[in-house]
Amino acid sequence: MSLPIIFDTDPGVDDAQAIALLFADPAFEVIGLTTTFGNVPVSTATRNALLLTELAGRDTPVAAGVAEPLVKPAGNHALHVHGQDGLGNQQLPAPRQVPHTLDAAHFIVEQTRLRPGEITLVAVGPLGNLALALALDPTVAERIREVVVMGGAIVEPGNVTPVAEANIFSDPHAAARVFAAPWPLTLVGLDATHRAVLDPPRLQRIAARQGALGEVLARSYDFYADFYRSVKDIDGCHPHDSCALAYLRRPELFHTARGHLSVGTEGLAEGQTFFAPEGRAYLDGRWSGNPLVTVCLGMDGAAMVAWMEEVLTATER
Ligand SMILES: [Ca+2]
């Protein structure tokens with residue numbers, strides 16, 4: 001099995017873990033990484049994506065993407081969660097490679113023209129690059145095999161507001177366009193990702209097998225886990241972005257439902273995801289205007305982190 005992937009990312013500590021997974025699992029054919037602002041400014045996200053790719057021993061293209069939200073004012077990044085450098089404040093070498101000549105949205109459009117129907121787009125940051133790709137060429141939606149978005153929260157509370165998850169809150173207008181597009185989409189949100197805790201012993205076992213990449217994973221994890229200890233009663237971190245990859249490889253671990261997804265763009269509901277189950281009649285059609293998508297409502301978190309460890313320790317880097 002080969003799954004051609006474009007991975008849209010804002011690394012970010014949990015992004016770094018997912019990038020390690022992406023390169024460690026031979027089932028993934030990584031066509032490119034595209035970067036966005038989010039956890040960090042886009043320049044930092046691009047630098048980190050290049051560096052993590054290099055540490056994984058790959059020369060996969062990295063295309064730089066959007067620097068700010070489509071509509072709302074550029075806001076704060078999550079530097080208190082991920083560190084000033086996005087990877088827990090460590091001494092990182094400069095990457096040797098440079099970004100792709102195309103920007104992220106053009107890269108997505110071009111690659112889907114080269115390989116129509118084959119590419120899965122995994123988006124684990126704010127959704128501006130996907131919205132821009134749709135604006136450049138709406139038919140991109142017909143050429144994507146599947147979109148998997150790490151973001152949103154259906155029943156679970158939000159993580160940056162009482163109702164909003166960080167990726168969706170960072171650019172709700174982009175999310176609105178992405179949820180309205182006619183592509184097969186799955187949302188892997190906090191209802192799933194909060195079920196998994198990557199604890200320190202497991203991360204140490206993973207890092208020990210990942211060479212120079214493992215050292216970066218270990219140092220960034222320590223900073224990230226300190227944040228989680230300060231705000232939540234867990235020892236470790238939620239490996240949010242890796243859950244989107246787990247969904248592709250171990251779908252049986254997820255509890256899903258079909259329905260229509262929309263998003264609040266202002267006021268108290270800014271960034272909140274609304275889910276109207278398929279076939280459910282409400283007072284009016286406001287909640288059911290978007291195409292049917294799949295949302296994750298739960299996940300076997302223990303099995304998910306066991307899968308992460310299995311993939312990341314299978315061979316020594
Ligand atoms: Ca991310």
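Trainee: Hi! What share of the 317 residues of the protein counts as buried?
Mentor: Of the 317 residues, 54% count as buried. A residue is buried if 20 or more other C-beta atoms lie within 10 Å of its own, exposed if 12 or fewer, and partly exposed in between, with C-beta atoms placed from the backbone. Keep in mind that this is a predicted model: local features need pLDDT of at least 70, side-chain atom pairs count only at pLDDT 80 or more, and totals for chains, interfaces and linings use all residues. Residues are numbered from 1 along each chain as its sequence is written.

Trainee: Thanks! How many helices and strands are there?
Mentor: There are 13 helices and 9 strands. Helices (H or I, at least four residues) and strands (E, at least two) are DSSP runs, numbered from the N terminus.

Trainee: And which residues does V188 touch?
Mentor: Leaving out residues up to four places away in sequence, V188 touches V148, V149, M150, T193, C243, A244, Y247 and C296. Two residues are in contact if their C-beta atoms, placed from the backbone, lie within 7 Å.

Trainee: New topic: where is G279?
Mentor: Look at the loop between strand 8 (273-277) and strand 9 (292-299).

Trainee: Is G279 buried or exposed, and why?
Mentor: G279 counts as exposed because it has 9 C-beta neighbours inside 10 Å.

Trainee: How far apart are G279 and G259 in space?
Mentor: Their C-alpha atoms are 7.9 Å apart, and the two are 20 residues apart in sequence.

Trainee: Last one: what box do the C-alpha atoms fill?
Mentor: Roughly 55 × 45 × 40 Å, taken along the principal axes.
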